[in-house]
Amino acid sequence: MRQARFYAPGDVRMLEVPIPEPGPGEVLVKVEVALVCGTDAKTFRRGHPLLLETSPAPFGHEYCGTIVEVGAGVERFYRGHRVTSANSAPCGHCFFCRRDQASLCEHLQPLLNGAYADYLLVPANIVAVNMLHVPEDMPSERAALVEPLACVLKGLEVGAVGPGMTVGVVGLGPIGLMMVYAATRRGARVIAVERNPHKLEAARALGAQATVDSRSVDDAVQAVRDHTEEGRGVDVAIEAVGRPEVWDFAVGITRRGGVVNLFGGCEEGSVACIDTYRLHYEELCLTAAFHHTPRHVRMAMDVLDRPDFPCDVLITHRYNLEDVVTPLRVMNKEIPAEGFIKAAVIP
Ligand SMILES: [Zn+2]
Ligand SMILES: [Zn+2]
């Protein structure tokens, strides 16, 4: 079978390897589709501490496929079932799992990697906790969105995004756009901020009530505030880029007493400066959301099953497995691609 392997930043190769045999608890899936994720693009650009440890490493973690073989002891799943899964599973008994903070589990390994391939071996811990059946009529591209959407739904619990609230979403990659959709569906009024006009248009299609093109206005913070009640700022700001200057921006658009969700992970060693006056005297709440939990993975599957889920707005490009490096380069802005948001890779 063909399998993409990550050797080093900028070096991903397609190899011919034997089809693996599932061990106890594991499942072998024939990949129908894999999706290219921002995390993969970042790894391709600058490496990843967890992948580099074992390089060359199988690559890709968002997928949907059909089970072709199950290992000993697997329950609930059989040959022929269509499945998708998260890319990790919490252990359920460590310090953090016992405190209901499963996204911080200290035993998330082994992670799922290797979706850019003809076949994918799903680790036993993930099969047991975070693998889900895909409804018969759900297209595989849609089902493959379960992992990033689970992160989004967990993120929206920060600040309890709900009806009557004004939410600023800063950065409209696939995650930001799913934030726009899900926050709107929860009854929030969304103001979306981006530099790319195509993505602003996508946000409007997903229900954003106002958009701010941060490249074309002098003062984008003020432009966002102008869209809020009495110009006070948003109730909840969601940063979905992962750069310290955008973290600053998210703080800037938030009202007194509001919540800033620093959702985008910055490069290791990044430092952000916060105005302590605003933090204290304006009671800003600065917080973050990382990864997902089994509960959010299941919620994500329910949301994907809604007829209005905007799969077509999110997955804009399709590539052959052999060309998997192309969408990684597009996401890193090395190659242009008109209207690109997220890509599917089809074996
Ligand atoms: Zn992902
Ligand atoms: Zn744990």
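User: Happy to dig in! Into which domains is the protein divided?

Analyst: Keep in mind that this is a predicted model. One of the domains is built from two stretches of sequence, 2–150 and 292–346. The other covers 158–287. The division is therefore into domain 1 (2–150 + 292–346) and domain 2 (158–287).

User: What distance separates the centres of domain 1 and domain 2?

Analyst: The centres are taken over C-alpha atoms. On that basis, the separation between domain 1 and domain 2 is 28 Å.

User: Nice. And how many residues does the contact take from each domain?

Analyst: Both domains contribute to the contact. Domain 1 gives ten residues, and domain 2 gives twelve residues.

User: Which elements give two or more residues to the side of domain 1 that touches domain 2?

Analyst: The residues on that side of domain 1 divide into seven nonpolar, two polar and one charged. The elements that supply two or more of the residues there are α6 (146–155) and α13 (311–314).

User: Which residues touch the most other members of the largest nonpolar core?

Analyst: In soluble globular proteins, nonpolar side chains tend to be buried together. Here the largest nonpolar core holds 104 residues, and it draws at least three residues from each of domain 1 and domain 2. Those touching the most other members are Val146, Leu177, Met179 and Val180.

User: Let's zoom in on Met179: what does it touch, not counting residues up to four places away in sequence?

Analyst: Met179 is one of the core residues that touch the most other members. With residues up to four places away in sequence left out, the contacts of Met179 are Val152, Gly155, Leu156, Val169, Ile238 and Ala240.

User: On to the strands! Are the two faces of β7 covered or uncovered?

Analyst: In a regular strand the side chains alternate between the two faces of the sheet. On one side of β7 (residues 119–122), Tyr119 and Leu121 are buried.

User: Which residue of β7 is the bridge partner of Val27?

Analyst: Strand β3 (residues 27–35) and β7 pair in the antiparallel sense, over four bridges. The bridge partner of Val27 in β7 is Val122.

Key
Residues are numbered from 1 along each chain as its sequence is written. Chains are lettered from A and ligands numbered from 1 in the order in which they are written. This is a predicted model: local features need pLDDT of at least 70, side-chain atom pairs count only at pLDDT 80 or more; totals for chains, interfaces and linings use all residues. A residue is buried if 20 or more other C-beta atoms lie within 10 Å of its own, exposed if 12 or fewer, and partly exposed in between; C-beta atoms are placed from the backbone. Two strands pair if DSSP finds at least two bridges between them. Two residues are in contact if their C-beta atoms, placed from the backbone, lie within 7 Å. Ala, Val, Leu, Ile, Met, Phe, Trp, Tyr, Cys and Pro count as nonpolar, Asp, Glu, Lys and Arg as charged, and the others, Gly among them, as polar. A nonpolar core is a set of buried Ala, Val, Leu, Ile, Met, Phe, Trp, Tyr and Cys residues joined through C-beta atoms within 7 Å.
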